[in-house]
Structures are given as structure tokens and as C-alpha cells.
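Please keep the structure open beside the text as you read.

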Amino acid sequence: MTLVEAIDKRISCRAYTDVPLGQNALDELSALAGQLSEEGGFRIDIVGPSDGGAQLKLAARMFSGRVSTYAALIGPDDDPTRERIGYYGERLVLQATQMGLGTCWVAGTFDRDSVVVPMAAEEVLHDVIPIGTMPARQPFAQRTIRAGLRRRDKRPAAMYEGPTPLTEAPAWVQAGIDAVVKGPSAINEQPVVFVQEGSTLTATLPHLKRNLEYTDLGIAKLHFQIGAEAAGTPGSWEWGAPAAFIPA
Ligand SMILES: Cc1cc2nc3c(=O)[nH]c(=O)nc-3n(C[C@H](O)[C@H](O)[C@H](O)COP(=O)(O)O)c2cc1C
């Protein structure tokens, strides 16, 4: 499965079976988490069944079943860290998707006291990402939660400001934004707007309401980059907002 296919397939999975992850899957995720933590300058700890992963309490009104593994995303309490958590954490989510596993970004609807990871004084637990096996079909309640949130989806054109309508923008910009629309964002707010001025494409956050927009920004940048590269324009983002996309 390519990363573009993983973007198509990924959903916020809110129902898990009680089949724990195998050791190979745990090893693969832990190795990637180590690599991403180093690149991102924050901590992604994979908490597996033998480390107390099954103690994670997700809110029963949103989730069914029990996961025995999750990623804990930990670092300083600032916006640059939140953005990096989004960018690198979503890389882990897409890898888990490629492995056939279910994931969900969770910043609010869980019991923080059920997280068993030790933290230093300057660190906070930003989010958890349960990682587990999925039932063949999400139960009705969880499908309803997702449908309710996704009903507010922005149209791709609402995420773009440029000299032409989005439909006349370069194919790589359209592909990038298409990949962003499919991505996760807190309460599906989809806060990032891409602005084309001259030859520069910039990611902006026009309406800051809460601090999770920076995590959404990191996720959106990764998705955009994957979509643009698949459409023939690889590149990378500067950090922050507004920040430019630098074609390779
Ligand atoms: C930073 C972040 C935090 C989130 N926190 C929660 C949460 O606390 N509880 C929850 O059920 N979903 C949470 N989500 C999942 C979003 O609701 C979901 O991504 C959005 O509704 C889009 O749906 P989809 O991911 O299934 O495509 C979060 C997503 C992100 C990116």
C-alpha cells in the first residue's frame, strides 16, 4: 500500500477488537516511533500490552472495544512541538494503516490518569493514538460519530486562495489539497488554508481558536507533501504558519 493509498484508507477508528498486536508489528512501530522522535525532537512512546497499554481508558461514548497498544505523544507545551507532533505522528498513523491496523488521534476523549508513561517536569502528554486491530466493519454508533463529524467537511476550494480557482491550479496543488481534505483534524475543523501568491504556496492558519490547530497544521503539511509528490512535485515545508512549500 502506498502512502497515497494509506491516506485514502485511513479513518479515525473508534472500535477495536481484543486481538493484541503481534510482536513483529510492535517492533516495527517502536522502531519507527524511535526514528520519528529523533527527527521531530519530541517523544513518541509505543506502550504495548506488556507495558500497561491495555490500561488506556478511552471515553466509552466515543469508542468501543479495548486497545492494548497506543502511542503517547509527549513533549514541551508549545506550538512548534504541537506542529511537529502532527507531522511525525501522522507518519506513524499512515504506517499503521499500511500494516492494516486501526488508529485514532485522541487529544480529549480519554482518561489521562490511565496513561502509564513517566514524564519529566517540562513535558506534557499532548495526544494518544490507540493502535489496534479493527473489526471488519465499524459498529453503527462509531460510523454515526464519524459521519456526523465528516458532514462538516470543507470543500477543497475553501482551503485554497489563489489567482485562479483551485480547479485551475497546478495538478500537484490540487492533489496536495485533496490529500489534506482526507486527513484527520481535531473535531474535523480542517483549519489550514493554502495561499498561492506568485510562485509561492503558503500554508496558513487564519482562525486560531484552540491550540490543536498546530497539530492539524503538521498533519496537513504531511498529507499535502505526499499528495504533491505523487502528482510529480516532491518538496518540503518550512515549519510554522504562514510557511512556504519548497519544491525539491
Ligand atoms: C489533533 C487531533 C485530536 C483529536 N482528538 C480526538 C478526540 O479526542 N476524540 C475523538 O474521538 N477523535 C479525535 N480526533 C479525530 C477527529 O475527530 C477526526 O480526525 C475527524 O473527525 C475526521 O475524521 P476521520 O479522521 O475519521 O477522517 C482528533 C483528531 C486530531 C487530528
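The largest nonpolar core has 29 residues, and L29, I44, I46, L92 and I131 touch the most other members. Such a core is a set of buried Ala, Val, Leu, Ile, Met, Phe, Trp, Tyr and Cys residues joined through side-chain atoms within 4.5 Å. At least two residues each are supplied to this core by α1 (3-9), α2 (23-40), β1 (43-47), β2 (70-75), α3 (79-98), β4 (124-132) and α6. The largest share, 7 residues, comes from α3. Helices here are DSSP runs of H or I with at least four residues, strands are runs of E with at least two, and both are numbered from the N terminus.

Before going further, a word on the source: this is a predicted model, in which local features need pLDDT of at least 70 and side-chain atom pairs count only at pLDDT 80 or more, while totals for chains, interfaces and linings use all residues. Residues are numbered from 1 along each chain as its sequence is written, and side-chain values use heavy atoms, with hydrogens and water left out.

Now look at α2 and α3, whose axes come within 10 Å and cross at roughly 160 degrees. Axes are lines fitted to C-alpha atoms, for helices over the stretch in contact, and angles run from 0 to 180 degrees between N-to-C directions. That makes α2 roughly antiparallel to α3, a label for angles over 145 degrees. From α2, residues E28, L29, L32, A33, L36, E39 and G40 meet R84, Y88, R91, L92, Q95 and A96 of α3, contact meaning heavy atoms within 4.5 Å. These residues divide into 7 nonpolar, 2 polar and 4 charged. In this division Ala, Val, Leu, Ile, Met, Phe, Trp, Tyr, Cys and Pro count as nonpolar, Asp, Glu, Lys and Arg as charged, and the others, Gly among them, as polar.

Next, turn to helix α5 (residues 171-181) and helix α6 (residues 213-230), which pack at about 135 degrees with their axes 7 Å apart. The contact is made by W172, V173, A175, G176, I177, A179 and V180 of α5 and A220, H223, F224, G227 and A228 of α6. Here the division is 9 nonpolar, 3 polar and no charged.

H223 lies in α6 and, at 0% relative accessibility, counts as buried, a term for under 20% relative accessible area with a 1.4 Å probe and protein chains only. Not counting residues up to four places away in sequence, H223 touches I7, E90, L94, G176, A179, V180, G183 and P184.

Terms used: Buried means under 20% relative accessible area, exposed over 50%, partly exposed in between (1.4 Å probe, protein chains only). Angles under 35 degrees count as roughly parallel, over 145 as roughly antiparallel, 65 to 115 as roughly perpendicular and the rest as oblique.
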